[in-house]
Amino acid sequence: MNLVSILVVGCGNRGEVYASYALKHPDRARVVAIAEPRVHLRKKIKYIHNLTDDKYIFTDWHQIIDLNERIANCAIIALPDKLHKEATIAFLKKGYNILLEKPMAAYLEDCFDITSTSRLYPSQINAVCHVLRYLGPCIKIKQLIDSGAVGNVVNINHTEPVGFYHFAHSFVRGNWNNESRSSFSLLAKCCHDIDLIIYWMQGKKCTQVQSFGSLNHFKKSNAPENSGELCMKCPVESECCYSAKKIYLTRDPSRWPAKVVLNSEVQNIIDNESDIEDLYLEKGLEEKIKLLEQCLSHEKTEYGRCVYKMPDNDVCDNQIVNMQFDDGSTASMTMIAFTKDICTRKTKIYGTKGMLEWDDSNLYNKVVHTDFLNNKTEIIDCENIFYFDTKDRNENIKLDGHGGSDYLLMNSFIEACIKNDKKLVLTDFEDSFKSHLIVFAAEYSRIHNQYLLLDCEFDYTLQQRLLSDS
């Protein structure tokens, strides 16, 4: 196979990003079909990828499953979290290679079902979008640990600074603000941080998990005095750092996070279907900004609402996870909303012969290695480990996210499909299930205020019994 044909199932932000790989490398991949219920996103992706045959434009992915033929080599599944299981299993059974956006699914049982089903189709490529494994510093850290440069890893301290406006956008106003509709914030935001810790921990098994966390700030009791329901009409908006005006109207409306508002809420302000379809094709920058203002002012808006007066946001804005491994080594992971840095991880790895530090906000794309033997510290540039130019003249190519690892993930997956080599994928369903299990265990620990003993072989029956009422 020299050219991989792609079916995009879900054309929201992540589906659009991963699909744009085909625009950068038309000699390696091509989008041939899409499934998306929202009319303006169907029109947008159809236009961007020059899809001329309407028989491959679907409003519902079930329509594709009902076809007798397989219409692409692989399916990118970028649906809402709770829809992952049904779609992934269905496309596995139809013979598609699968790229599944993280998290695998919203429930542990669903993650297990996806993984066990994939075992029935060993020849098919599958990957979960744990993009951080493809990031230069993460690869370098893994290489240094495997080389013995720090000896035995005794402790890992890892922080995910979500970012004050990122959290407000995604987890207070956005799609992941309510666990019953999506998933809890540790799973949605940090399953790939837990995955990194497991990736670095020299093959050791996690045996104990403990977690604490809460929704600390984004609730009605913390609303400023005299604050309004909508930021666009709030008398104290100028004094609020979480103001929707500040977050959305000061940024490019064609990029995250402002474009998410248009994707989600433009139907509130435009009645004519053809106008909605033409949103991204004919409207210029000023028109999009005006549309944003109208979206944020509309009575049905979610993204324009006060972060302290959302009706049902309930996910944690801060959480810590403590882990112990089978040799006594430990790790801790902190997820925190209240940071100026946006998802620029901070990690310290303590070994018996040295230590490693990664702080992507202060030393971008670099790892600091200290060797205890000679007491020397070296700053290692990771730019050339996996490199590509994140600046692209085509505005529809949006693969620079997560430090360029969005691109590297897609490149690895497409290469695996071309060569039919599963080893080129760094996070398949089997690997991802193991780290997802720890995430679900951590949330159980937080809710029930107890630490959990995990079976070293990740026996599913035991874990399901422990987590059945989480």
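Start by selecting Arg-251 and Tyr-165: Arg-251 lies over the face of Tyr-165, at 4.0 Å from the ring centre. A charge counts as sitting over a ring if NZ of Lys or CZ of Arg is within 6 Å of the ring centre and within 35 degrees of the ring normal. Before moving on, know that this is a predicted model, where local features need pLDDT of at least 70, side-chain atom pairs count only at pLDDT 80 or more, and totals for chains, interfaces and linings use all residues. Residues are numbered from 1 along each chain as its sequence is written, and side-chain values use heavy atoms, with hydrogens and water left out.

Now pick Lys-142 and Tyr-199: the charged end of Lys-142 sits over the Tyr-199 ring, 5.0 Å from its centre.

Back to Tyr-165, which belongs to a cluster linked by ring pairs, along with Phe-164, Phe-167, Phe-171, Trp-176, Phe-218, Tyr-242, Trp-256, Tyr-308 and Phe-338. Rings of Phe, Tyr and Trp (its six-membered ring) pair if their centres lie within 6.5 Å; planes under 30 degrees apart count as stacked, over 60 as edge-to-face and the rest as tilted. The whole structure holds 17 aromatic pairs. Zoom in on Phe-167 and Phe-218, a stacked pair at 5.8 Å centre to centre with 15 degrees between the planes. Phe-167 lies in helix α8 (164-173) and Phe-218 in the loop between β8 (206-214) and α10 (244-248), so the pair ties together parts 51 residues apart in sequence. (Helices, H or I of at least four residues, and strands, E of at least two, are DSSP runs numbered from the N terminus.) Both Phe-167 and Phe-218 are buried, meaning under 20% relative accessible area, with exposed over 50% and partly exposed in between (1.4 Å probe, protein chains only).

Next, select Asn-178, in the loop between α8 and α9 (185-200). Buried or exposed is Asn-178? Buried, with a relative accessible area of 5%. Its side chain reaches the backbone oxygen of Asp-312 at 2.8 Å.

Now colour the strands. Nine of them form an open sheet in the order β14-β13-β12-β11-β7-β10-β9-β8-β15, with mixed pairing; two strands pair if DSSP finds at least two bridges between them. The edge strands, β14 (376-381) and β15 (452-453), each pair on one side only. Inside the sheet, β9 (318-325) and β10 (330-336) pair antiparallel over seven bridges, and Asn-318 stands opposite Ile-336 in β10.

Last stop: Ile-114, in helix α6 (108-118). Ile-114 is buried, at 0% relative accessible area.

Conventions
A polar contact is a pair of N or O atoms within 3.5 Å; within protein, one must be able to donate a hydrogen and the other to accept it, and residues adjacent in sequence count only if both atoms are side-chain atoms.
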